[in-house]
Amino acid sequence: MKQTYFQAAFVATTISLLAVPHALAQDPLCYRTTATGQIVDLTALCTRGPTEPNQIAVSNLSLDVPEEEFLSSKVKATITNNSGKPIQVSTVMLQVSRADTAIVTIPLDVDRTLKPGQSIVASGLFDKAALQGQNPQELSIKFQGLQ
C-alpha cells in the first residue's frame, strides 16, 4: 500500500517538474486592458526583473536637518536613466548613516517613467526624530536601491 502511494507521488512530481520549464520559458506580458476591452501592449515601458544598478544613477544627494526641533528634515537627489530604454522608477531608497551604521532608510516616491538620459530631481520630507538624536554634521546619505 505504501509503495503505491509513493509511486503516485513520484509520478505526480515528475509530471509537475516537466510542466514547469515550459511555463518559466514564456515571457510575461506587460499590458493594459482599455474600457472597451482592447489590449494595449506596454512591454516597452515595463522592466523585467530588477533594474541593473548602473542603469539608474543617483547623484547630488543632500540632507537638510533644521536646528528647530519640530521641523521636518529633507533629502534631495538627482535621478538619471543611464540605459537606452525607458525605465519606470517607483521609489528610490536613500539611506542615512553615521560611521557606516544605518540610521534610517528614506523612500522617495518618484512614480515616473524616465526616458533614456533623462534626469529629474526628487525630494522628500521625513521626521527629524528618525535620526535618533544624531549630530547632522556626522551623517552621510547614499543611494540604497530601487523599490
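pLDDT is the predictor's confidence in each residue, on a scale from 0 to 100. This matters here since the structure is a predicted model, in which local features need pLDDT of at least 70 and side-chain atom pairs count only at pLDDT 80 or more, while totals for chains, interfaces and linings use all residues. Residues are numbered from 1 along each chain as its sequence is written, and side-chain values use heavy atoms, with hydrogens and water left out.

Over residues 8-29, pLDDT stays under 50, and for this stretch the model has two contacts (heavy atoms within 4.5 Å) beyond four places in sequence. For the protein, the mean pLDDT is 77, with 67% of residues at 70 or more.

Read from the N terminus, the order is α-β-β-β-β-β-β-β-β. Of the contacts with a separation of 6 or more, 62% join residues 24 or more positions apart. The accessible surface (Shrake-Rupley method, 1.4 Å probe; for residues, only the protein chains shown count as cover) comes to about 10,400 Å², and carbon and sulfur atoms hold 55% of that. Buried residues make up 25% of the 147 in the protein; buried means under 20% relative accessible area, exposed over 50%, and partly exposed in between, with a 1.4 Å probe and protein chains only.

Now to the inside. A nonpolar core is a set of buried Ala, Val, Leu, Ile, Met, Phe, Trp, Tyr and Cys residues joined through side-chain atoms within 4.5 Å. The largest one has 23 residues, and Ile79, Val92 and Leu94 have the most contacts inside it. At least two residues of this core come from each of strand S3 (56-64), S4, S5, strand S6 (101-114), S7 and S8, with S6 giving the most, six. Setting aside neighbours within four places in sequence, Ile79 touches, among others, Ile56, Val58, Val92, Val110, Leu114 and Ile120.

There is one salt bridge, meaning a side-chain nitrogen of Lys or Arg within 4 Å of a carboxyl oxygen of Asp or Glu. The partners are Arg98 and Glu138, at 2.6 Å from N to O. Arg98 sits in strand S5 (residues 87-98) and Glu138 in the loop between strand S7 (119-126) and strand S8 (139-146), so the pair ties together parts that are 40 residues apart in sequence. Arg98 is partly exposed at 34% relative accessible area, and Glu138 is partly exposed at 39%.

Key. Helix = DSSP H or I, 4+ residues; strand = E, 2+ residues; numbered from the N terminus.
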